[in-house]
Amino acid sequence: MEFLQSRKAIWVFVAIGLIAILTAGISIWYASKYNSDDKDQVKAPEVKKTIVEAEAIPPRFPAGIPLEKDAKIIQNFSVTTPSGGFQSSRTFETQRSLDENFALYNQYFNNRNWKIESSSDTAQLKQVTAVKDDLQVQVVLNENTEQNRKTVEITVRDFKNPIAK
């Protein structure tokens with residue numbers, strides 16, 4: 001009889017333990033779901049994307065930046081935030097080699113006193129990023145050999161108030 005009572009006691013303790021664990025889990029879940037503080041959550045900035053017509057140059061592009069004539073435009077847009085963040089991008093197919101484009105954009109930045117922040121030069125991907133005043137310009141040159149397509153992507157950002165880095 002003593003054996004049955006000790007066995008019942010063990011089952012009672014196990015049941016109480018499981019109920020306690022289940023109750024704690026539900027409490028934690030409820031607290032995380034319904035008691036979160038909005039001010040502790042990081043909210044993504046509200047952005048407004050504006051498509052720019054293919055024949056137009058996106059806002060704030062530096063004067064004279066090389067844009068290949070009659071190139072097929074893939075993307076052409078600008079993005080702004082209520083806090084003043086700004087970014088413009090233009091991507092086009094190029095007939096020039098990546099090496100020609102890389103030299104062209106490096107020369108453009110150097111001749112106009114832009115500070116080159118970073119640069120990389122590989123066979124199928126080249127990039128140069130330069131800063132002047134409140135603008136940062138990044139030029140990415142890409143060659144997709146499978147599609148036999150070379151692209152130039154130019155992104156202009158407000159350096160002092162970027163949307164994202």
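**Figure 1. Pairing of β3 with β7 in the predicted model.** Strands β3 and β7 run antiparallel and are joined by 7 bridges; strands are DSSP runs of E with at least two residues, helices are runs of H or I with at least four, and both are numbered from the N terminus. Two strands are taken to pair if DSSP finds at least two bridges between them. Within this pairing, F92 stands opposite V152, and S89 stands opposite T155. The model is predicted, so local features need pLDDT of at least 70 and side-chain atom pairs count only at pLDDT 80 or more, whereas totals for chains, interfaces and linings use all residues. Residues are numbered from 1 along each chain as its sequence is written, and side-chain values use heavy atoms, with hydrogens and water left out.

Figure 2. Buried denotes a relative accessible area under 20%, exposed over 50%, and partly exposed the range in between, with a 1.4 Å probe and protein chains only. Both faces of β3 are covered: F86, S88, R90 and F92 are buried on one side, and Q87, S89, T91 and E93 on the other. Strand β7 has 7 of its 10 residues buried, so β7 is also largely enclosed by the rest of the structure. Over the protein chain of 165 residues, 30% count as buried.

**Figure 3. The hairpin of β2 and β3.** Strand β2 (residues 73-80) runs antiparallel to β3, and 7 bridges join the two. The bridge partner of Q75 in β3 is T91. Between the strands of this hairpin lie 5 residues, and G84 takes a positive phi near 100°.

**Figure 4. The surroundings of A71.** Residue A71 is placed in the loop between β1 (48-51) and β2. A71 is buried, with a relative accessible area of 17%. When residues up to four places away in sequence are not counted, A71 touches F92 and E93, contact being defined by heavy atoms within 4.5 Å. A71 and F92 are 21 residues apart along the chain, and their C-alpha atoms are separated by 6.1 Å.

**Figure 5. The hairpin of β6 and β7.** These two strands pair in the antiparallel sense over 10 bridges. One of the facing pairs places L135 opposite D158 in β7. The hairpin has 4 residues between its strands, and N148 takes a positive phi near 50°.

**Figure 6. Helix α2 and its buried face.** Helix α2 (residues 98-111) has 14 residues and reaches 20 Å from its first C-alpha to its last, close to the 20 Å expected at 1.5 Å a residue; the expected span is 1.5 Å times one less than the number of residues. The buried residues of α2 are L98, N101, F102, Y105, N106, Y108 and F109. Seen down the helix axis, these buried residues fall within an arc of 155°, so they line one face of α2; the arc is that of the directions from the helix axis to the C-beta atoms. An α-helix has 3.6 residues a turn, so residues three or four places apart point the same way. On the other side of α2, D99 and N111 are exposed. The buried residues of α2 pack against β3 (86-93), β4 (115-121), β5 (125-132), β6 (135-144) and β7 (149-158). Just after the helix, N113 takes a positive phi of about 60°.

**Figure 7. The largest nonpolar core.** This core has 19 residues, and those with the most contacts inside it are Y105, F109, V137, V139 and I154. A nonpolar core is a set of buried Ala, Val, Leu, Ile, Met, Phe, Trp, Tyr and Cys residues joined through side-chain atoms within 4.5 Å. Two or more residues are given to this core by each of α2, β5, β6 and β7, and α2 gives the most, with 5 residues. Leaving aside neighbours within four places in sequence, Y105 is in contact with I65, P66, L67, F92, V128, V139, V152 and I154.

**Figure 8. The aromatic cluster of Y108, F109 and W114.** These three residues form one aromatic cluster, and the structure holds 2 aromatic pairs. The rings of Y108 and F109 have their centres 5.5 Å apart and their planes at 70°, so this pair is edge-to-face. Rings of Phe, Tyr and Trp (its six-membered ring) pair if their centres lie within 6.5 Å, and planes under 30 degrees apart count as stacked, over 60 as edge-to-face and the rest as tilted. Both partners are buried: the relative accessible area is 4% for Y108 and 0% for F109.
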